[in-house]
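Here is a friendly note to read alongside the model. Please keep the viewer open and find each place as you go.

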Amino acid sequence: MIFEDGERIVFAGDSVTDMGSLNPVGEGHWNNIEHLGRSYVRVIENLLITCYPERKIRVTNSGVSGNTSRDLLERFDRDVVGLNPDWVSICIGINDVWRQFDAPELTEKHVYIEEYEKNVRIMIEKVCGKVKGIFILSPYMMEPQKGDWMRARIDEYVAVCKRLSEEYGCTFVNFQALYDKLLSVRYSAEVSWDRIHPNQIGATLMAREFLSKCGFDFNR
């Protein structure tokens, strides 16, 4: 498993990462679960402690609900780079797309794909060479109909994540592919009320997908 004793993983993102964590930076597994939130980040920490109790790995939730890539980039130095992480995970893009559809008149809030690619690229370059590894977690929509307007737009942003991951040697985690597989046998309402924010089933699926890229031994 790639995470060593004493290392720190910072998870940056929007509400999918945040999910009730202490803002702007949440940590800790005390009785108050709100410190780290209820997202896939919480499940990742649970599994790290459960399966690798001898390794004290610091897990930090730097997700903030409602963030676009523009918002995340504005606070990236403070909430990610400034924390001196060993590993960085970036999961952003859902709001970049969503605002184009749920608030089409508020164009100042839209982050179109050219800006999105520029923003993610800058974030990668801010930590590239300074950390042991970078994870790019794709945006997604729990919608099996690929012709849905928002779902089709999401696919374009996923492609940007994949391309940038390949260019910079980041680990790409394709959450859209994960949910496409699930929705071939389950209905989206079983995992999410709005096709975006996952319940604990979705959080567990996302955590397992992330850790599967890390040499994690689930049989320990």
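Predicted model: local features only at pLDDT ≥ 70, side-chain atom pairs only at ≥ 80, totals over all residues.

1. Sorted by class, the contact of helix 7 with helix 8 has six nonpolar residues, one polar and one charged.

2. Now turn to another pair of helices. Helix 3 (residues 69-79) and helix 5 (residues 113-127) have axes that come within 9 Å and cross at roughly 20 degrees. An angle under 35 degrees counts as roughly parallel, and helix 3 and helix 5 are therefore roughly parallel to each other. Is their crossing left-handed or right-handed? Helix 3 passes helix 5 in a left-handed crossing.

3. You can pick out the residues that meet here. On the helix 3 side they are S69, R70, L72, L73, F76 and D77. On the helix 5 side they are E115, Y116, N119, I122, M123, K126 and V127. The classes in the contact of helix 3 with helix 5 are seven nonpolar, two polar and four charged residues.

4. Next, look for the largest pocket, which holds about 180 Å³ of space. Its lining consists of E27, G28, H29, E45, I49, P53, R55, K56, I57, R58 and V59. Two elements, helix 2 (40-51) and strand 2 (58-63), each give two or more residues to this lining. What classes do the lining residues of the largest pocket fall into? Five are charged, four are nonpolar and two are polar.

5. Two spots in the backbone are worth a visit as well. A cis peptide bond joins N23 and P24, with omega at about 0 degrees. To find P24, go to the loop between helix 1 (15-18) and helix 2.

6. The other spot is N84, in the loop between helix 3 and strand 3 (87-91). What is the phi of N84 near? Phi is near 50 degrees there, a positive value in a residue other than glycine.

Notes
Residues numbered from 1 in each chain as written. Heavy atoms only, no water. 1 Å grid on protein atoms, 1.4 Å probe; cavity = no way out; pocket = protein on both sides within 12 Å on 5 of 7 lines; lining within 4 Å. Points joined across faces, edges and corners; volume = space filled by probe spheres on them. Helix = DSSP H or I, 4+ residues; strand = E, 2+ residues; numbered from the N terminus. Nonpolar A, V, L, I, M, F, W, Y, C, P; charged D, E, K, R; others polar. Axes fitted to C-alpha atoms, helices over the stretch in contact; angles between N-to-C directions. Parallel < 35°, antiparallel > 145°, perpendicular 65-115°, else oblique. Left-handed = near helix turned anticlockwise from the far one by under 90°. Contact = heavy atoms within 4.5 Å.
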